[in-house]
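Please keep the sequence and the 3D view at hand while reading.

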Amino acid sequence: MLSSTAEKLYWACRYIERAEMTSRLLDVAYRISLTSNKNNEWESILLSTAVKDEYLFKNSKINQRKVEKFLFFDETNESSIRNCVRFTRENFRKVRNRITREVWDVVNSTYQELQDLTSGRYKSSEIPNLCAWIKQRSSMLKGAIISTQLSSDCYDFMNLGYYVERADNIIRFIDVKNFISPMSDQENEDNDYEWGILLRTLAAYTQFRLSYGVNMSQEKIAHFLIFNNTNPRSLFHSLENIKTHLKNLSSFYNLQSRAFSTSRKIISKLSDLTVQEIFDNGFNEFLSQYSEDINILHSSIESSYFGGVYNVFED
């Protein structure tokens with residue numbers, strides 16, 4: 001496979017996962033805003049999506065309606081949901097012979113329907129429905145990939161895109177909650193409610209209760225979102241899947257990549273941690289460190305597979 005083809009498959013799935021997670025962030029901010037009087041949830045998602053400076057360049061102050069439009073519709077924001085769907089379609093279009101008709105049909109129809117939707121034709125109260133639609137279309141695409149794509153190197157590169165983006169975004173998701181109500185703020189009366197919203201937005205509320213019971217605590221939720229390998233959105237689950245698909249590629253090409261070695265080191269480091277150590281050492285420090293580790297992992301995947309030269313690991 002050409003390295004450019006692998007890169008397009010990887011980025012197509014990163015972009016659709018980013019669209020879904022941005023919709024989830026919008027949804028959680030909207031729901032928290034209904035009861036919170038802090039008004040910092042909209043700033044938090046701008047920070048978490050790393051577009052606050054871009055937003056303030058166009059807007060003088062942070063306003064709910066303007067943030068919604070910027071994150072969902074704005075074509076100057078490369079991470080907006082509209083652009084993420086467009087980039088997914090463009091990347092898949094360039095490697096059309098590598099994907100199935102079912103995969104293309106989902107992507108293309110999503111793009112066409114989104115083109116008919118303009119920022120002036122919605123109300124803030126419709127944001128949950130718009131976000132639900134994006135999540136549904138993203139799930140349809142994943143289903144099409146799983147059920148129709150060959151389990152080949154194409155499939156591995158597509159899944160690498162999904163899981164690298166998901167690992168990065170679960171850190172951003174936790175950071176939104178931590179920004180609104182810091183983990184150290186044990187006396188916040190809205191803590192349980194806000195955590196409940198976050199879990200529901202991740203479609204993980206019922207699964208959390210099945211795993212840990214009905215009583216919530218910050219320690220239990222942190223463990224569920226970071227360490228629980230049965231939770232498909234946990235950081236550990238994403239990292240394990242990244243390692244699995246990198247291992248598959250190493251076997252497929254009969255060479256062990258530097259990216260595979262990097263993934264093992266990150267997982268080993270995370271495995272040595274406990275929730276209590278994370279709280280003792282500082283939650284912000286943990287989030288910053290693993291956000292940096294995900295960026296390093298992406299860079300190692302890029303240098304191993306997308307530069308036109310296979311980057312082999314050497315002991």
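How many cavities of 30 Å³ or more does a search of the whole structure find? In this predicted model, the search finds 1 such cavity. Rolling a probe the size of a water molecule over the atoms shows where empty space is left. The volume of the largest cavity is about 50 Å³.

Its lining is made up of Ile 16, Val 85, Thr 88, Val 106, Val 107, Thr 110, Arg 137, Ser 138 and Leu 141. By type, these lining residues are 5 nonpolar, 3 polar and 1 charged. At least two residues of the lining come from each of helix 5 (81–94), helix 6 (101–115) and helix 7 (127–148).

The second topic is Thr 49. This residue sits in the loop that runs between helix 2 (41–48) and helix 3 (52–58). Is Thr 49 buried or exposed? Its relative accessibility is 15%, and a residue under 20% is classed as buried, so Thr 49 counts as buried.

The side chain of Thr 49 lies within reach of two backbone oxygens, as the table shows.

| Side chain | Backbone oxygen | Distance |
|---|---|---|
| Thr 49 | Ile 45 | 2.6 Å |
| Thr 49 | Leu 46 | 3.4 Å |

Which residues does Thr 49 contact once its neighbours within four places in sequence are left aside? They are Leu 25, Leu 71 and Arg 172.

Note on methods: Residues numbered from 1 in each chain as written. Predicted model: local features only at pLDDT ≥ 70, side-chain atom pairs only at ≥ 80, totals over all residues. Heavy atoms only, no water. Helix = DSSP H or I, 4+ residues; strand = E, 2+ residues; numbered from the N terminus. Buried < 20%, exposed > 50% of the residue type's maximum accessible area, 1.4 Å probe, protein only. Polar contact = N/O pair within 3.5 Å; in protein donor to acceptor, adjacent residues only side chain to side chain. Contact = heavy atoms within 4.5 Å. 1 Å grid on protein atoms, 1.4 Å probe; cavity = no way out; pocket = protein on both sides within 12 Å on 5 of 7 lines; lining within 4 Å. Points joined across faces, edges and corners; volume = space filled by probe spheres on them. Nonpolar A, V, L, I, M, F, W, Y, C, P; charged D, E, K, R; others polar.
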